[in-house]
Structure formats: structure tokens, C-alpha cells
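I opened a new model today. I wanted its fold, its core and its surface, in that order.

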Amino acid sequence: MSKITGKLQGTPNPVTGKPTVGKKYAPTTRAHCETVLRTFYDFHLERNTGSLLVNPTPFPLARNRRSARANAHHNPEKEHRKQRTGLYRPRVPERIPRRIPDDKYTEVFAGLRSHRDRALLAFWVATGARAEELLTSKQGDAIVGQQTIGVIRKGTRDYQELPATPDAFVWLRLYQEEAWKKGVPRGLRQPLWWTLRRPWRPLEYDAARMMFNRANDILGSNWSLHDLRHTATFLMLDDPSMPPVYVQHILGHKYLSTLDIYNRPTRDDVITAGLAHHARQQQRRENPPPAPPAPAYNPDSLNVLFGGPLT
């Protein structure tokens, strides 16, 4: 039984529609393990090292692969083909990003227990930063006058300032005033996010995830911290005055094509559109439009046909 939903493992969550954790490993986990083990054997076979020298490797490449690199002979004028890497590598289904509806976000926000947690949630949804990226911010990175907060990007380790909402800075100020009175270290180079109890320690990702899971338990949902990044992306792309290239820069994506996954309708959008369609059909059945008037002869045409007077 699932702890959150109270139903069988692997069934969709009734609040979010996302599948719960099943009894078996997810395809992404199996694919990651296959890559790690295959690379491990390839590394030792190429260098003739290690105590496990297996030939052939228990994790061979796909039969249609003649080289160790995918698309080794790719024509730059054509698109890359999807080639299967490992012979036993599972097919990973494409993930559909999900947003948190406004009403559910309000419930999650109300379920938080401290100003720090409310400030974190507000910044995650406002900036679209990854959960661990926001936790890298220092106290001097939150610039209220410019309404920006600085983070260290996950992949490139570059420093980037991200725009945020005024509400996020209000919750941040409330959290800081409360934390400083309790004795949390203060300084421009000090971490921005701290634990709520002594001994004071910088807030880490696992603690932030547990905080968000407690709010999930109250609602019976299974949203993740990464869904907050998806929510921020949908909000920015829904604004017609926001160019997608700016959204790409804010999210820290290398390619603009990465945003294509957000152009697909979400589960909630599809259901809402379908229900609206059925409502319109029901309205037409209950209130049918008036019948069009019956066609009649034009008097002028009759006069011309039968030679009548033209007046």
C-alpha cells in the first residue's frame, strides 16, 4: 500500500495524477544502472585492468551498433537518429512536465509551517531555479532593490541572477528577521537558508525535500520539488509578452528546443478542454438554435421571368 494515497503501489495519485512509487524499479533507474555497469566493464576491458575481466561483457551494445558511440557517422545536414545504446537497456518513456494548479499551490503554501518554507516555495515558483540551485544562494545574493536573487547553476557552475516576485522577498524578510533574532549567522557571505533549530546548519536538499513532503502528506499529493520548476516554466510561457528565449536563459537551458516539451497540453488542460466541449454540446441540445428561414422567391426575379412590370 502507498503511504500517501492509501492505494496499491504504482497507481496514479488522486490529487496530482502522477503515478506513485511501484514495487519495481522505474525504467529511468534501470537505464541508469545499465549505463553505469556497461561503462564499468568497458573501462576495465579497454585497459585490461581489474579483477573482473569478462569477455564478452555482460552488458553488450545493441546489435545494430558498429561503433562504441551513437551516431558516430552522423551527417550534419540531417537530424540525429534515435539509436538504442545497450542491448538490454530498457526503453525509457518520455516524461510529461506537470504544473501545480493555482488552487492546489495555495493549499500547499498554506500547509507550510514557517516563513522560511514559504519564502523557499515563493522563490522556486518565481525564478524557476532547480531546488539545489536556490539553496546555493548567499545572503548577499538576494538584492531587494533589483528584485533578483543569485544562484550557482547546476551544470556549468556559473553564477546567475534570476528575477523574482515582490511576495518572495516579503516572505524572505520575515524569515530573516525571525532567524536573526534566534541567532542565525548574519553576513553577506553567509548562506541564505538555514535549519530552523540549533545547531545552525545550512539547509541542504534532503531537508528541503522532506519539508515539501510534509506539505504533500497533508494534501495526500505526491508533487516533487522539480514540479515547482515546471510550474514556473508554464507560467512564463503562458505570458504572450515573454519571449521564449528569455525563458530559456532564466531556466539555464543550453538549447531553445528544450522548451518544446512544454508546448504539449497537460493532463489538466486536456480534461478541462474536454469537459468544456461536453458542456457546450449539452447547451446546444437543451437550447437548439432557431431554424433558418425557409427560402422564398425573389419578386424581382419573377417579374423578369414572366415579363411583369418593373417598378
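I took helices (H or I, at least four residues) and strands (E, at least two) as DSSP runs, numbered from the N terminus. By that count the protein has 10 helices and three strands. Along the sequence I read α-α-α-α-β-β-β-α-α-α-α-α-α.

I kept the provenance in mind: this is a predicted model, where local features need pLDDT of at least 70, side-chain atom pairs count only at pLDDT 80 or more, and totals for chains, interfaces and linings use all residues. Residues are numbered from 1 along each chain as its sequence is written, and side-chain values use heavy atoms, with hydrogens and water left out.

Next I checked burial (buried is under 20% relative accessible area, exposed over 50%, partly exposed in between; 1.4 Å probe, protein chains only). Of the 311 residues, 32% are buried.

Which of its 46 residues touch the most other members? They are Phe123, Trp124, Leu172 and Trp193. Elements giving two or more residues to this core include helix H3 (115–127) and helix H5 (166–182). H3 gives the most, with eight.

I followed Trp193 through its contacts (heavy atoms within 4.5 Å). Beyond four places in sequence, its partners include Arg116, Phe123, Leu172, Tyr175 and Pro202.

Last, I checked Leu256. It lies in the loop between helix H8 (244–251) and helix H9 (267–286). Leu256 is partly exposed, at a relative accessible area of 42%.

Notes. Core = buried A, V, L, I, M, F, W, Y, C linked by side-chain atoms within 4.5 Å.
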